[in-house]
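User: Hi! I'd like to learn how to read ring pairs and helix packing in a model like this one. Could you walk me through some cases?

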Amino acid sequence: MLNDIEFIDGFSIELGNDYRLAKSYVRDIPTQALVYIRSFTHKLAAQLAQKHDVTFTSANLYDRIEQLNQLRVIDVAAVRALHRLRSDGNRGAHPEKYHLTQIQLISIAEKSIRHILQLIVKLYPSLHRGTAPRYQFEAFDSYAGRDLCYRAVMKNDPEAQYLVAMSLKAKGLMLQEQERALAQTIDTSATESAATSASVEQTSAEAFAQAAHWFRVASTQHQAALFEHGVSLLHGYCSDPNPIEGEQLIAKAAEKDIVEAQALLGFFYLIGSNQFTVDLTQAERLLTLAANAENAEAMSNLGVLFYQAQQFEQAFIWINKAAQAGYPNAQYHLALMLSEGLGCQIDLAASQQWMSEAAEQGQVDAMLYCGSDILHDDNASQQQRTKAEHYLHQAIKYGHNVSAMIELSVALADGILGRIDVVQAAYLLTLAKVHANDDHLQVIEPLWQSLAMQIDSVIALNPSEDEMIALKQAKHLLE
């Protein structure tokens, strides 16, 4: 019986190469596995178009899948499967934008491999006569990482060096998010907390420094590594930031048609940077190139460019494409445009759907919006309130969002979440005060006084010993 790799090779040798690489990287470098899954999806769409004499009218993968759908080349189930693979593949390029852990990335990559196999079984008759042959799935292995390291060190292979660096960069970004989460954690031992934070910070810094080393080594022969070397200098992965040289290298990589470099250089021209003044003509040119190559961030920023120019219909087109590509910031902005009818018809149901989608993917403003909306709904169920609490905690964790701190503090103090927790409410107010601007402080001050009075009132009722300990702890936080 065929194994799964032989099965995909039998369908298409070209697709088999991407499938083989994607599967080999699932356990060690899931971000790279997802990049190959995106490439697989592009090539599969192209093969379906060629088989049915379809000429694509757009370079964008979302548009291509929709064109296949409109021409009835594939059925609705296959359309959804292709869009799912496209969306999962996009996550590999910027895992930090989705707040994904290594375990979550591995899970997404593993599921995507399974989804590829299911889709090819379904599509087999579209490109070949007869039904798909039977095959047996062989388990994922963890050899790719060791092989890459060997090739990077012993063979001086620039592609392997680049992939090792990308893996280390992804690790550094995820460790950095853990740092931010730790910074929000209450720890009664200040010394222990500081030691833990320092340990995580060193681990994150070490991962970034190692990534910077391999990007630099590979950059002389590998254009994508040249771009990443520029990024590492820009952000100071292994030393103080060097924005001048970093931006120069990014521009050089953009000239070599590296899509991510075009997207970032376009962003520099959109908002200005150390080396590049605002030039909307250049920004539009570069962002369009990157957007047509399926860079979701470029699509979103191109939408921003048109939005700022009050060309709302064009803005809607690109922000919608970025949202469809799974980019959370675009999903949030699309929700706002749909609610206001900017460049589109007002569609409150679709607006709510996209806002929820953005919140589920960790977009901070969307999580705040959805969490607050639920807490202000008197008819919300306990399950919905639990979700609201999760959203607000995540907005605090990833965005240090003061409004989320205030909302959650009030909910915990007033029992809106089904319980009263004055210690956590007091902690959140003190945290909000640290990060607050003048407008926030005007909101915090009366809440602060009200919570202090609430605590004193309950203390006067001589509660149980455990309750008294908690109340005194909360009172101490507000002093």
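Predicted model: local features only at pLDDT ≥ 70, side-chain atom pairs only at ≥ 80, totals over all residues.

**Reading rings and helices**

User: Which residue forms a stacked aromatic pair with Tyr-124?

Analyst: Rings count as stacked when their planes are under 30 degrees apart. Here the partner is Phe-7, with 6.1 Å centre to centre and 15 degrees between the planes. The pair joins distant parts of the chain, since Phe-7 sits in helix α1 and Tyr-124 in helix α6, 117 residues apart. Phe-7 is also buried, at 1% relative accessibility.

User: What kind of aromatic pair do Tyr-307 and Phe-312 form?

Analyst: That one is edge-to-face, with 65 degrees between the planes and 5.2 Å centre to centre. Tyr-307 is partly exposed at 35% relative accessibility, and Phe-312 is partly exposed at 24%. Across the whole structure, a search finds 10 aromatic pairs.

User: Now the helices. At what angle do α17 and α18 pack?

Analyst: Angles of 65 to 115 degrees count as roughly perpendicular. Helix α17 (residues 348–360) and helix α18 (residues 364–375) pack at about 115 degrees, their axes 8 Å apart, and are therefore roughly perpendicular to each other. Their crossing is left-handed.

User: Which residues make the contact?

Analyst: Among them are Gln-352 and Met-355 of α17, and Tyr-369 and Asp-373 of α18. By class, the contact has 7 nonpolar, 2 polar and 1 charged residues.

Definitions and conventions. Residues numbered from 1 in each chain as written. Heavy atoms only, no water. Axes fitted to C-alpha atoms, helices over the stretch in contact; angles between N-to-C directions. Helix = DSSP H or I, 4+ residues; strand = E, 2+ residues; numbered from the N terminus. Parallel < 35°, antiparallel > 145°, perpendicular 65-115°, else oblique. Left-handed = near helix turned anticlockwise from the far one by under 90°. Contact = heavy atoms within 4.5 Å. Nonpolar A, V, L, I, M, F, W, Y, C, P; charged D, E, K, R; others polar. Phe/Tyr/Trp six-rings, centres within 6.5 Å; stacked < 30°, edge-to-face > 60°. Buried < 20%, exposed > 50% of the residue type's maximum accessible area, 1.4 Å probe, protein only.
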